[in-house]
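Dear colleague,

I am handing over the structure below, together with notes on what was found in it. Please read the notes with the coordinates open beside them.

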Amino acid sequence: MPSINSAYASLSSSYLFSEIARRVRAFQHANPEKEIISLGIGDVSQPLVPAVIEALHKAADEMGHSETFRGYGPEQGYAFLRDAILEHDFRSRGIALDADEIFISDGAKSDVGNFQEMFGTDAVIALTDPVYPVYVDSNAMSGRCGEFKDGRWSRIIYLPCTAENGFEPALPEHRPDVIYLCSPNNPTGTVLSRTALERWVAYARENDAFLLFDAAYECFVSDPDQPRSIFEIEGADEVAVEFRSLSKTAGFTGMRCAYTVVPKKLKARADDGTMLSLHDMWLRRQSTKYNGCPYIVQRAAEAVFSPAGQAQIAHVLNIYRGNARNMLRGLDLMGLAAYGGIHSPYVWLKTPGGMTSWDFFDLLLQNAAVVCTPGAGFGASGEGYVRMTAFNSPENTLKALARLKSLL
Ligand code: PLP
């Protein structure tokens, strides 16, 4: 029998969303007449915009003619898409990057999950708590996290984000090698200010650490003074990698297209002391293990950055923003403490009466047929909170709020 990667043995078997799905299935089975409204899993509900559909059709037609057919594409992504991203997301905000520092992929989940391969198994990881579970589990799978005891990994540095510290993590007491930051944050829905990002970039530079900055929700930032990219902070291109995604920006959760920026200035020390370029390592990794995002998806992604695409996605994003506003207002009127939801599709709700996250989840499911996500599933500091998302339709969001109001 072959030996296995025993790091998998220490992973908890029930992934948060599978457990939620199991409880929802059981409830639906016992109550087939009840209409469940999900404010739980972070998937979008609005369809792709017309500019994207048009580009998809056109690209699909091209694939049917020998003159325009495309086979394997460049592993880093087609130049037409990288150039569109460079112009729209970075140059327009005064950020100087080269197109070949952008890597197109099939999702920020794959990229944030895979990027830890660039670091040694002895690298020390710091994470905010609560946190998007992929950062933790992907490191655990590589055997980098130590022992899992009482809900925490022994080699991870946890940076609690709570109402008391305004959901802004304090700098670590002990130096980590790699720090994951996510802003706007999943799950708390809060954003790191420019000052906070400057503090993190300065810390990483002084301490020879890397920042892995997850900007999957940057499209929800509506304050023009608020950074939407870590590269708006001076010196970040020497210490940071940024993950971005079209999943929530343009409803691409089922299409799969994201992009990661790995600046060429990022250097890491190998065991023998030589300095390696993280950009070259990631290129090597991607060209070995990945064959690129489909041509038709990249053409559809390009259309997101066209003037028509931008106007159309703005309309969709405003629907979600409206839902989040209604949630914040409605929860406030019910006397509940809710955070986030302003530059984010996520509202982070404090459970009433000191209930645990899972007890509140069950209360809502059983009595209001509303699904939320228990905060404890995102880490120990998420206990006593639930996450609600603004991705359902406006009608369902209002209906869910009305049910909550009559329940509470
Ligand atoms: N990063 C964060 C913080 C997320 O919440 C998600 C998805 O929910 C992702 C990354 C994954 O995005 P993608 O759909 O591009 O894989």
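**Notes on the structure**

Pro184 sits in the loop that runs between β7 (178–182) and α6 (194–207), where helices (H or I, at least four residues) and strands (E, at least two) are DSSP runs numbered from the N terminus. This is a predicted model, in which local features need pLDDT of at least 70 and side-chain atom pairs count only at pLDDT 80 or more, while totals for chains, interfaces and linings use all residues. Residues are numbered from 1 along each chain as its sequence is written, and side-chain values use heavy atoms, with hydrogens and water left out.

The backbone of that loop deserves a careful look. The peptide bond that joins Ser183 to Pro184 is cis, with omega about -10 degrees, and the bond from Asn186 to Pro187 is also cis, with omega near 20 degrees; Pro187, too, is placed in the loop between β7 and α6. Phe167, a residue in the loop between β6 (156–160) and β7, has a positive phi, near 60 degrees, although it is not a glycine. As background, most residues other than glycine have a negative phi, and most peptide bonds are trans.

Turning to the overall arrangement, the domain assignment of the protein chain gives domain 1 (6–47 + 308–407) and domain 2 (53–306), with bounds that come from an automatic or database assignment. The contact between them (heavy atoms within 4.5 Å) takes 33 residues from domain 1 and 41 residues from domain 2, and the C-alpha centres of the two domains lie 25 Å apart.

Domain 1 and domain 2 bury about 3000 Å² between them, 62% of it on carbon and sulfur atoms; buried area here is the accessible area (1.4 Å probe) that two parts lose on being put together, summed over both. Of the area that domain 1 buries against domain 2, His343, Phe378 and Ser381 supply 21%, more than any other three residues.

How many salt bridges are counted between domain 1 and domain 2? The count is zero, a salt bridge being a side-chain nitrogen of Lys or Arg within 4 Å of a carboxyl oxygen of Asp or Glu. The elements giving two or more residues to the side of domain 1 that touches domain 2 are α9 (307–333), β13 (338–340), β14 (346–350) and β17 (385–389), and α9 gives the most, with seven residues.

A search of the whole structure, by contrast, finds 22 salt bridges. One of them links Arg23 with Glu19, whose closest N and O atoms are 2.9 Å apart; both residues lie in helix α1 (residues 16–30), four residues apart, about one turn of the helix.

With best regards
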